[in-house]
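The following note sets out points for a colleague who has the model at hand. It begins with a term and then turns to one strand and its surroundings.

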Amino acid sequence: MTIRENIASVRERMALACERSGRSVDDVTLIAVTKYVETARIAEAVAAGVTEIGENRAQEFTEKLTFYKQNHLRAHFIGQLQTNKVKYICGTADLIQSVDREPLLDAIVNYAQKHDLHQDILIEVNIGREAQKGGVMPEDLPRLIERIAAFDSVRLRGLMCVPPATDPEAVRPYFREMRERFEQLKADHPTMPIDTLSMGMSHDFETAIEEGATMVRVGTAIFGPRIITGGQQNG
């Protein structure tokens, strides 16, 4: 199948998942994950209607930034971000989805304040409590939220997770817990612009939508298998 056909298939599956859960297709945003995907193939996705992309690696994000701008794409950083790479991402990513620890938050805040920026972020939650993955532990989430609330230079838009890679039905409880935490976040902080629950990838995005995702991150189902040389898969 072509990239265009893959995207049509993904959107059809998204629509069916929305229908099953009584939601509108307009409630869920598709992020095309472009890790290790060359710009010529991303251009095929753009021609098929993709408007938002997600990158895992700071170097690759920077290399493709001109392409993103030329094609008027909203660019999301979805991978683990080292504090020394913040200068490449803060102010250029429309949304940093993987804020998971105070040192990273401090680095983003310091850079944003220095350059008079307002950076939108998500908190990544390690909902499966997996040692090899990034994300704040669920019990530490309230503390990180309160730290974010103290700054004007970052805007918390919601939560993100990468649950254990298992059968879609087996991950449903993790997605459900994330939805509960998302709703609690909105209730506890009504003045924050909380509107994004980013969860679900190629193998489980339909379940994520059924459980309340407002954003799904799909790479393999659009671009096909890619060689992953390290770090957590995020699409």
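1. Two strands are said to pair if DSSP finds at least two bridges between them. In this predicted model, isoleucine 96 stands opposite isoleucine 121 in S5. The strand that pairs with S5 over two bridges is S4 (residues 95–99), and the sense is parallel.

2. On its other listed pairing, S5 runs parallel to strand S6 (residues 154–161), to which seven bridges join it. Isoleucine 123 has leucine 159 as its bridge partner in S6.

3. A right-handed β-α-β unit is formed by S4, helix H5 (residues 102–114) and S5. From S5 the chain then crosses through helix H6 (residues 141–149) to S6, and this β-α-β crossover is right-handed.

4. Is S5 enclosed or open to the outside? Seven of the seven residues of S5 (residues 119–125) are buried, so the strand is largely enclosed by the rest of the structure. In a regular strand, side chains alternate between the two faces of the sheet. Here Gln119, Ile121, Ile123 and Val125 point one way, Asp120, Leu122 and Glu124 point the other way, and all are buried.

5. As to the whole, the protein has nine helices and eight strands. Its radius of gyration is 17 Å, close to the 18 Å that the globule rule gives for 235 residues, so the protein is as compact as a globular protein of that length. Buried residues make up 52% of the 235 residues. Of the contacts with a separation of 6 or more, 60% are between residues 24 or more positions apart.

How values were computed. Residues are numbered from 1 along each chain as its sequence is written. This is a predicted model: local features need pLDDT of at least 70, side-chain atom pairs count only at pLDDT 80 or more; totals for chains, interfaces and linings use all residues. Side-chain values use heavy atoms; hydrogens and water are left out. Buried means under 20% relative accessible area, exposed over 50%, partly exposed in between (1.4 Å probe, protein chains only). Helices (H or I, at least four residues) and strands (E, at least two) are DSSP runs, numbered from the N terminus. A crossover is right-handed if, with the strands pointing away from the viewer, the path from the first strand over the helix to the second runs clockwise. The radius of gyration is taken over C-alpha atoms; the globule rule is 2.2 Å times the number of residues to the power 0.38. Contact means heavy atoms within 4.5 Å.
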